[in-house]
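Please open the model in your viewer and keep the selection tool at hand.

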Amino acid sequence: MPTSHEDIVARLRGIREEIDHRGLTEPAALKEAAAGLERLIREMDGEKSDLNRLLGLCVKGIRAVNELRAADTLGSVDAIIESLDAAEHYLLDRPNKEVLVREAGQLLDSVLSKNSGRTETDSEEIHPEEFVEMTLNDAAACLLQIDSDDFSEMERLCRMIDAVVAARGCPARCRTISEQALQLAVRVVDKGKADPEFTIPEDAITDIGLALEEALSFLSENETASVDTPADEKPAPEAESTDYLPDDADLDLISAFIAESGDLITNAEEALLTLESNPEDIEAVSTVFRAFHNIKGTSAFFELSLMTELAHHAESLLSRVRDGEIRYAGGYPDLALRSVDMLKELFRLLQEALNGSPFLKPQGYDELNGLLAAPEAAGISDVSEPVAPQPVSPRPRFDEKTPSTDGETPAAEPPASPQNAPTPRPKLQTGKQVVESSIRVPIDRLDRFIDMVGELVVSHSMVAQDELVAGGGHHELQKKVAHTTKIVRELQNMSMSMRMIPLKTTFRKMARLVRDLSRKVGKDVSFITEGEDTEIDRNMVDIINDPLVHMVRNALDHGIELPEVREKMGKPRYGTLHLSAFHSAGNVVVEVRDDGKGLDRDAITAKARERGLIENGGGMSDREVYNLIFEPGFSTAEIVSDVSGRGVGMDVVRRNIEAIRGQVEIQATPGRGAVFKMSLPLTLAIIDGMVVGVGAEKYVIPTISIVRSVQPNPKDISTVLHKGEMLTLQGKLIPLFRIADLFDVREAESELDKAITVVVENDGHQAGLVVDELIGSQQIVIKTLGESLGNITGISGSAIMPDGRVGLILDVGGLVRLANTD
Amino acid sequence: MTENICVMVVDDFSTMRRIIKKVLKGIQLENVVEADNGISAWEKLNAQTDPPIELIICDWNMPGMTGMELLEKVRSDESLADIPFIMVTAEGKDKIDFETGKADLTSYIAKPFKADELKEKINLVLGK
């Protein structure tokens, strides 16, 4: 009876959304939800016992919340929503459904068990320490999302930490740290209550976060130590506290080892991913082999036994692949990637050890080592393990080039057919490798160098424009200065290029992310990268990483459909995720393109209306509608999954990108896919700017955003109620900004037809900036305004002008938005 | 006596080269030519150095040209054939004996090695 099944899913979803949207503010909604759920349970006839139990727990939870019995209201609601989501997954027959339902049940159970003992729990499955860890994790997650004025969230955080402190299974050390965190949090809440103007300071959040992290890492380090009573402070087993860093370690050489191994591991990881799509790639096998080999040999010299041992086993695994003894398929790829992860972790710990902390054995080390030593004993083989009842989801493929295009199922899939006999394969071939010679320079030294060159450019242009030089009469001097100008420009270009690095590393991280995520959500995805040699400023790489992760996650989680759904829609089972980078108009563009279901215009407008972002979406273009998801307060299905939820919202993505003078936008075709596009400036430090004069002040407008400059005819200027002055230009109404009024500059030209209007554009909207004169266009070395002046409307930075004075750079994006929202 | 000897260290892993250089420094051998694979080692061997290279310490497993291939090339070159050649390797003794039977390897040291072991080997090879 498929209809009633679908019906149940739809009703579950309805209930979940109801709780999500209204649950906390309207008790009636909760009551309704509980009743609805109970009806559902009755109708489902108790045939799915796990599911029924979960839904039963949900009902219990909703009642507890409703009757204000819940110790942790928000936590309970979150857990309930998650459970309902899991139930939906279960009914939709998604992969891992049993696990999801079980995990959700455990979480809900643990949250409810905090409810002052009044809600009896069905089971005591949760280990007290697990509860502590989960709650700490939740608290950390909550902390990450706290807005600076959200004191109710802060109180919720206090309750969570309080629950940790009160928990039976909390080890003493962990309790002490948590108490510290709690004190900090309580202090913030108190201050907030006393002073309505008070906002949560950034460093308080950092301090609380650090404490939580310390508590968590204490827990994970002492995972095996069983803790029963609060007073119990059993020492951790000896093996766990051994410091593996030898006493006479040569720290200099070890840091070099860490740095070099980082590259090796990155290469190895990439090669492993290549290998998964092409198990015959001998060059890739030997790259990985050599990485393990070198790490083994060198770590042995330093007597870093943890690394030697792991690298040894991993190397053996790879040598078996190289010698054709096993195929790189089935359970081996996972094992190899886990070894890479473990090595990364070991190097991270080693780095910390150099800074003074003990070099301890990481969690899961022994288990992995055991597995690696005898994978077959643990049932791992190169045959894809048959997992019932879901078909094994094939792994995503990683290609450098475009494979078969849309409309057909990609043909070259990894060999999925079980093949028992190992195929003999050619021995390692020695290929040609271009070895570029390079040296490592500490990044801060490089940054300083680039800063100094920036200063040089500025002070040189002061010289060049000095009266004595530019004034004529000193012909020889002018020639010399012109020559120096050339050299300085060259030096500047050179210095900028030094900090440019290819996006390759970032893209590779995404490859790994796609691989892991697509498995987790049970989707088949082929991941294609283009233009990974495109270079951007190194300092920008870190900034774009988070937005990129966010976009890739979104595409995988919300964009690309499940294989069955895709087939039904006549699409290939494999979704395609393109990650590409290219240069365009002085910018670097990074694009995430998927061929999933695109964005749902109606859902977005409905949500935006509900959140009060728009009045009605009737007159808006698709583009405007799609870009609504970047608005603060527009959170999409964030609670629904742990893949794309929980992190930052899309508004943060946009804020981060705009902070580096970049832009984001979304384009989508319903049913065909979506494109997220980030445009980034080539470098953070220099822009082409138009210097304009207003009164005695000078401002800089980034040339890239200037559309045109006009001296308008008075009859084209009109005043619109609530909008101020508008200029009619080629049939369009453009809001005008008088820079002089905005920044309170005296003695500026007040007649619009005598002043100059610079029309600027951002994100498809225009605005006119009224200035006195255009002075000239030049390269501007950007200086930040410093922390305290960071958020001035209309100003994005400052620059030193050739005459030695400071000029402010206008924040065109901010001004245009301001002009078009009022 | 050994102070002026120039040693070539070939390894694709720069940390390993630094380790070996440090060991060499410990026995007053500070004149070192580095190469990160067999190909560049071969180029540097053929370029005149002053003082000439009198010892090669070389990793076996390298991309481009392996230590074994470099050894064969060195041994078949008239002017270089006599240079002592120490192979650094993680391979077992059997394999080394088998492979090096074809070319004349002066000595080898198995990874992982201790600084003292390498010093000993070098001193042995240089006849100190």
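Begin in chain A by selecting β11(A) together with strand β15 (residues 756-762) of chain A, which pair in the antiparallel sense over four bridges; helices (H or I, at least four residues) and strands (E, at least two) are DSSP runs, numbered from the N terminus, and two strands pair if DSSP finds at least two bridges between them. Within this pair, A:Ile706 stands opposite A:Val760 in β15(A). Before going on, note that this is a predicted model, in which local features need pLDDT of at least 70 and side-chain atom pairs count only at pLDDT 80 or more, while totals for chains, interfaces and linings use all residues. Residues are numbered from 1 along each chain as its sequence is written, chains are lettered from A and ligands numbered from 1 in the order in which they are written, and side-chain values use heavy atoms, with hydrogens and water left out.

Now widen the selection to the whole sheet, an open one of six strands in the order β11-β15-β16-β14-β13-β12 (chain A), with mixed pairing. Because β11 (706-710) and β12 (717-720) of chain A stand at the edges with a single partner strand each, one side of each is left without a neighbour in the sheet.

Next, turn to chain B, where five strands form an open sheet in the order β2-β1-β3-β4-β5 (chain B), and the pairing is parallel. Select strand β1 (residues 6-10) of chain B and strand β3 (residues 53-59) of chain B, which run parallel and are joined by five bridges. Here B:Leu55 in β3(B) is the bridge partner of B:Val7.

Finally, show both chains and look at their contact, to which chain B gives 25 residues and chain A gives 23 residues. Which side chains meet in a salt bridge? Select B:Asp12 and A:Arg290, whose side chains do so at 3.9 Å, N to O; a salt bridge is a side-chain nitrogen of Lys or Arg within 4 Å of a carboxyl oxygen of Asp or Glu. From there, select helix α1 (residues 14-26) of chain B, which gives the most to the side of chain B that touches chain A, with seven residues.

How values were computed
Contact means heavy atoms within 4.5 Å.
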